[in-house]
Amino acid sequence: MPTPTKGPRLGGGPAHERLMLANLAAALFEHKRITTTVTKAKRLKPYAERLVTFAKRGDLASRRRVLGLISNKGVVHELFTDIAQAVENRDGGYTRITKIGNRKGDNAPMAVIELVLEPVSAKQAVVAEATAAAKRDADKAAPAAEEAPAETEVAETEAAPEAEAAATEEAAASEDVAEAAAEEKDAK
């Protein structure tokens, strides 16, 4: 059995708190951002992120589990189609809380909680793309590497006479340079 939260609940009883969190989550998924008190936002964050995780799974059991908590089918559909697709590359941190100051009437600290729908940072996207490209190249190189030894042996045998000719030319050129240097030395 999970340990109950310490201190007073958000509204009196546990049933009211569950309903309040479900309604806040439904409003968050519908509007993508809501303004509420800091305490409610902090309690809503893990609740909403768990629902987004269920939506990323996308199976029927997850949909039914979320429908048991949020009764609005339109909001659940939007969660499973739009929001889950927008955060599919994100490993967590689907929500962001920003404090905005105190409420005018009762001076309660207020916050904006919003869904983080921006793509993962460009640097991480580039790294992921480079990793995938390297893996593709390695997969293509593996079959080519098995065929490569036979091709290199043929290439080496064909290149051997050319290499010997190049070596003799270099040796002749170095002898010419040595003779020219010796003549200059004698001339002085």
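Helices, here at least four residues long, and strands, at least two, are runs assigned by DSSP and numbered from the N terminus. With that in hand, the predicted model can be read from one end to the other: its elements follow the order α-β-α-α-α-β-β-α from the N terminus on. In total, the chain contains five helices and three strands. Of its 188 residues, 24% are buried. Looking at contacts between residues at least 6 apart in sequence, 55% join residues at least 24 apart.

Two packed helices are described by the angle between their axes and the distance between the axes. Helix α2 spans residues 38-57 and helix α3 residues 60-69; their axes come within 8 Å and cross at roughly 150 degrees. Angles over 145 degrees count as roughly antiparallel, and α2 and α3 are therefore roughly antiparallel to each other. The crossing of α2 past α3 is left-handed. On the α2 side, the contact is made by Tyr 47, Arg 50, Leu 51, Phe 54 and Arg 57, and α3 contributes Ser 62, Arg 65, Val 66 and Leu 69.

Attention now turns to the largest nonpolar core, which holds 32 residues; Phe 29, Leu 44, Leu 51, Ile 70 and Leu 79 touch the most other members. Two or more residues each come from α1 (14-31), α2, α4 (73-86) and β3 (109-115). The biggest share, nine residues, is given by α2.

Note on methods
Residues are numbered from 1 along each chain as its sequence is written. This is a predicted model: local features need pLDDT of at least 70, side-chain atom pairs count only at pLDDT 80 or more; totals for chains, interfaces and linings use all residues. Side-chain values use heavy atoms; hydrogens and water are left out. Axes are lines fitted to C-alpha atoms, for helices over the stretch in contact, and angles run from 0 to 180 degrees between N-to-C directions. Angles under 35 degrees count as roughly parallel, over 145 as roughly antiparallel, 65 to 115 as roughly perpendicular and the rest as oblique. A crossing is left-handed if the near helix is turned anticlockwise from the far one by less than a right angle, and right-handed if clockwise. Contact means heavy atoms within 4.5 Å. A nonpolar core is a set of buried Ala, Val, Leu, Ile, Met, Phe, Trp, Tyr and Cys residues joined through side-chain atoms within 4.5 Å. Buried means under 20% relative accessible area, exposed over 50%, partly exposed in between (1.4 Å probe, protein chains only).
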